[in-house]
There are 2 protein chains.
Amino acid sequence: MSTPLISHLGIAVKDFEDAVKKYKLITGDEKPAIHKVIDQKVNAAIFEGKKGCCEGGARIELISPTSDDSPIQNFLEKKGEGLHHVCIYVKDIEKKIKELKNAGIRLIDEKPKIGAEGNKIAFVHPKDTNGVLIELEEMP
Amino acid sequence: MSTPLISHLGIAVKDFEDAVKKYKLITGDEKPAIHKVIDQKVNAAIFEGKKGCCEGGARIELISPTSDDSPIQNFLEKKGEGLHHVCIYVKDIEKKIKELKNAGIRLIDEKPKIGAEGNKIAFVHPKDTNGVLIELEEMP
């Protein structure tokens, strides 16, 4: 089975409608999937390349808070708009977490939780990954 | 022909060797392509998924200045380590530049230049793309 590196990038935005309009133009994807992620309290829009063409082609996910107590609202207040996370596919998330811990790389989630798309995920601490918040996602 | 969305992400790092070591572990790619980009005065390491498996699978490019007058040195001093740019594939870069300009989205490069991999590229102004520096790259 093929193993692409990147699942998606999450970009935190304030004005969801306006950002969706711009990214339609930039990416050329005029029909992004729009959905609500209840536990993160965000609206999300997922842009991809030519639909269905590239197995595992990385996507761009715009995320915008729907409530003041969303973790993304907190991010926007502290850091402003911009890249929030990069999601990388891994084959065996428990094994990867162990490897990283053994190498002294800190994890936000030492045990996997279930992500928006139903897969096992875990976040790595950005202090140990050169300032980029990396999400690990086990390939379904 | 397939049209993936993302060519690569560029991440600015200070300690190149240390960052390469960490990203080998995180991505599972133990043999990233290492090269010098002369005009940007950077060392670059490009990490991908399982080699050769996924046409157009997005890659991670670590970039680190080799000289104090590198544009990446400037970025590190102002913003610190982290995501520097997201590179998106486009089919016709002149057409895309025109479309974006017509929509009021500012470009850093109003005319394409030639990127490190020999393709036509242009940067979009991050003020008009929610804080993310987007590089457009014409598919070869």
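**A guided tour of a two-chain predicted model**

Begin by selecting A:Lys113 and A:Asp109, whose side chains meet in a salt bridge at 3.7 Å, N to O; the term denotes a side-chain nitrogen of Lys or Arg within 4 Å of a carboxyl oxygen of Asp or Glu. A:Asp109 is buried at 11% relative accessibility, whereas A:Lys113, at 39%, is partly exposed. Here buried stands for under 20% relative accessible area, exposed for over 50%, and partly exposed for what lies in between (1.4 Å probe, protein chains only).

This is a predicted model, in which local features need pLDDT of at least 70 and side-chain atom pairs count only at pLDDT 80 or more, while totals for chains, interfaces and linings use all residues. Residues are numbered from 1 along each chain as its sequence is written, chains are lettered from A and ligands numbered from 1 in the order in which they are written, and side-chain values use heavy atoms, with hydrogens and water left out.

**Chain A as a whole**

Next, display chain A as a cartoon. Its 3 helices and 8 strands follow the order β-α-β-β-β-α-β-α-β-β-β from the N terminus; helices (H or I, at least four residues) and strands (E, at least two) are DSSP runs, numbered from the N terminus. The C-alpha atoms of chain A occupy a box of roughly 45 × 35 × 25 Å along the principal axes. Of the 140 residues in chain A, 55% are buried.

**The interface**

Now show both chains and select the residues that meet across the boundary. In chain A, 42 residues are in contact with 42 residues of chain B, contact being heavy atoms within 4.5 Å. The area buried between the two chains is about 3500 Å², with 69% given by carbon and sulfur atoms; this is the accessible area (1.4 Å probe) that two parts lose on being put together, summed over both. On the chain A side, A:Leu5, A:Ile26 and A:Asn130 lose the most area to chain B, together 22% of what that side buries.

Between chain A and chain B there are 0 salt bridges, but 10 residue pairs are in polar contact, both residues at pLDDT 80 or more. A polar contact is a pair of N or O atoms within 3.5 Å; within protein, one must be able to donate a hydrogen and the other to accept it, and residues adjacent in sequence count only if both atoms are side-chain atoms. Colour H1(A) next: it supplies 6 residues, the largest share of the side of chain A that touches chain B.

B:Lys22 is buried at 18% relative accessible area. Beyond its neighbours within four places in sequence, B:Lys22 is in contact with A:Ile105, A:Asp128 and A:Asn130.

**Two salt bridges in chain B**

Move on to B:Asp128 and B:Arg106, whose side chains form a salt bridge at 2.9 Å, N to O. The partners are 22 residues apart: B:Asp128 is in the loop between strand E7 (120-124) and strand E8 (134-138), and B:Arg106 in the loop between helix H3 (93-102) and strand E6 (113-114) of chain B. B:Asp128 is buried at 10% relative accessibility, whereas B:Arg106 is partly exposed at 44%.

Finish at B:Lys101 and B:Glu110, where the salt bridge spans 3.0 Å, N to O. B:Lys101 is partly exposed at 42%, and B:Glu110 is partly exposed at 46%.
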